[in-house]
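Dear colleague,

I am passing on the structure below, together with some notes on what was computed from it. Please look through it before reading on.

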Amino acid sequence: MSEQSAQRVRLAVAVVGVVLLWLVLCSSALALDTSMRSVADIRQHWSALKPTYAGSPYSSAPHTLAPYAAGSLAPGFLLDGLDAINYARYLAGMPDDVALDDQLTGLAQHGAVLLAASEFSHTPSQPAGMDDAFYQAGYSATSSSNIGAGYESLWEFNVGCMDDSDPSNIDRLGHRRWLLFPALAKTGMGYANERTDTYVFDWSRVEPVDYAAVLWPCAGYFPVQMFSAGTAWSITLNPDQYVIGDGAYTVSLRRIGDGRIWTFTSADTDPSGKYFNVDTQGFGVDNCFIFRPDPASVGSYRVGDVFEVTLSGGVYLADGVTPATISYRTEFMSQETVLPAATVTRPYAPASVRRRKMFSAWGYLMPLHAAGTRAVTLYCSRRVGSAWKVRKTVTATVGDYSTYSRYSVRLSLPSAGRWRIRGYHADAEHRPSYSAWRYLVVR
């Protein structure tokens with residue numbers, strides 16, 4: 001890989017397995033050549049765009065019961081959410097100058113309140129006591145946005161949209177495709193009671209973006225922290241440069257280190273395992289080749305892993321006649337210059353437990369850790385007045401769970417009231433990391 005930074009795109013495209021077509025683009029309105037970026041380039045962007053805000057989400061708290069009020073979000077909280085979008089777009093080679101729009105942010109905040117007050121849906125019903133103007137503002141946002149529930153920040157939600165690989169979304173990766181939509185230039189974001197709304201139906205970019213393909217992960221270096229064994233790979237081709245036919249599409253993924261090859265065809269339909277699909281719905285650009293090895297067969301993606309991707313069959317150049325084979329390489333790197341953090345998921349626990357009665361709390365730890373070790377500590381805090389105070393700590397044992405670990409522990413809590421629990425992990429290979437809080441009531 002070259003160490004020089006660039007503002008041009010050079011995506012290697014093999015035509016009929018013989019002719020290599022190189023697209024050299026030289027304008028700020030055009031996609032970046034991700035294969036020309038260095039590790040230092042990506043780390044510099046990560047340093048500038050990683051989340052830093054630690055305060056309340058709100059400048060003015062919303063009301064999610066009548067009388068409804070949209071409230072407003074803290075500027076730093078909003079900026080973290082925007083930076084997540086622009087970091088993902090930078091990694092994919094798309095223009096990374098998406099800006100917050102005050103009007104769209106106002107609509108999205110109404111949308112988040114509507115999601116908190118009504119059912120979780122792109123088309124939620126009007127809650128009792130919500131006036132028509134408030135409802136219409138919220139509805140216009142939810143029906144034009146990526147929406148989420150259970151996220152503690154807009155950064156976390158927008159990064160989660162880039163994964164998008166759960167069984168209910170892997171067939172289309174719609175959230176990812178909207179955030180990487182080349183024409184996206186403006187957005188607005190809302191947040192209320194862990195309901196999130198990121199406005200994505202935007203076509204306001206003035207100059208069209210000239211690109212060959214939108215790849216996730218991209219060609220060249222890609223941060224391993226942004227990709228897990230369960231995350232689907234995707235290729236979206238520029239409709240101005242390629243014609244998608246009805247032929248037998250095939251994708252191969254080769255791991256250079258050991259030569260292992262995964263081949264994907266229409267026969268791969270397990271949404272929890274090995275998977276392949278070609279989606280032509282209009283989630284941003286109306287084509288997407290989606291493929292994922294069975295997560296158990298990958299193990300995990302590690303720093304230094306290099307993969308070669310080849311898409312062939314059923315794809316043609318713009319003339320609709322000349323077959324095209326798309327080929328590129330991805331090398332995983334760490335976006336951190338210090339030890340990476342492991343991922344500790346929010347503990348699962350009952351919403352209500354009885355005082356001094358045992359219950360189970362469990363979650364996941366990634367990457368895979370040695371089975372039987374007490375690798376996760378749970379901090380249990382009780383609400384005392386307006387403050388949370390740690391009243392108990394327990395260690396959880398981890399066990400193998402496919403390509404990652406599952407932590408679990410039996411515990412009891414000593415007194416009634418509102419409690420919250422979160423996991424903590426640190427070892428010689430990972431810097432300290434915390435999970436999100438799990439809230440429960442002790443009766």
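The secondary structure of this predicted protein model comes to seven helices and 29 strands, where helices (H or I, at least four residues) and strands (E, at least two) are DSSP runs numbered from the N terminus. Residues are numbered from 1 along each chain as its sequence is written, and side-chain values use heavy atoms, with hydrogens and water left out. Because the model is predicted, local features need pLDDT of at least 70 and side-chain atom pairs count only at pLDDT 80 or more, while totals for chains, interfaces and linings use all residues.

The C-alpha atoms fill a box of roughly 70 × 55 × 40 Å along the principal axes. Of the 443 residues, 51% count as buried, meaning under 20% relative accessible area with a 1.4 Å probe and protein chains only.

Helix α5 spans residues 154-163, and its buried residues are L154, W155, F157, N158, C161 and M162. At the start of α5, a side-chain oxygen of S153 comes to within 3.0 Å of the backbone nitrogen of E156, whereas after the helix follows D164, with a positive phi near 60°.

Best regards

Definitions and conventions. Buried < 20%, exposed > 50% of the residue type's maximum accessible area, 1.4 Å probe, protein only. Polar contact = N/O pair within 3.5 Å; in protein donor to acceptor, adjacent residues only side chain to side chain.
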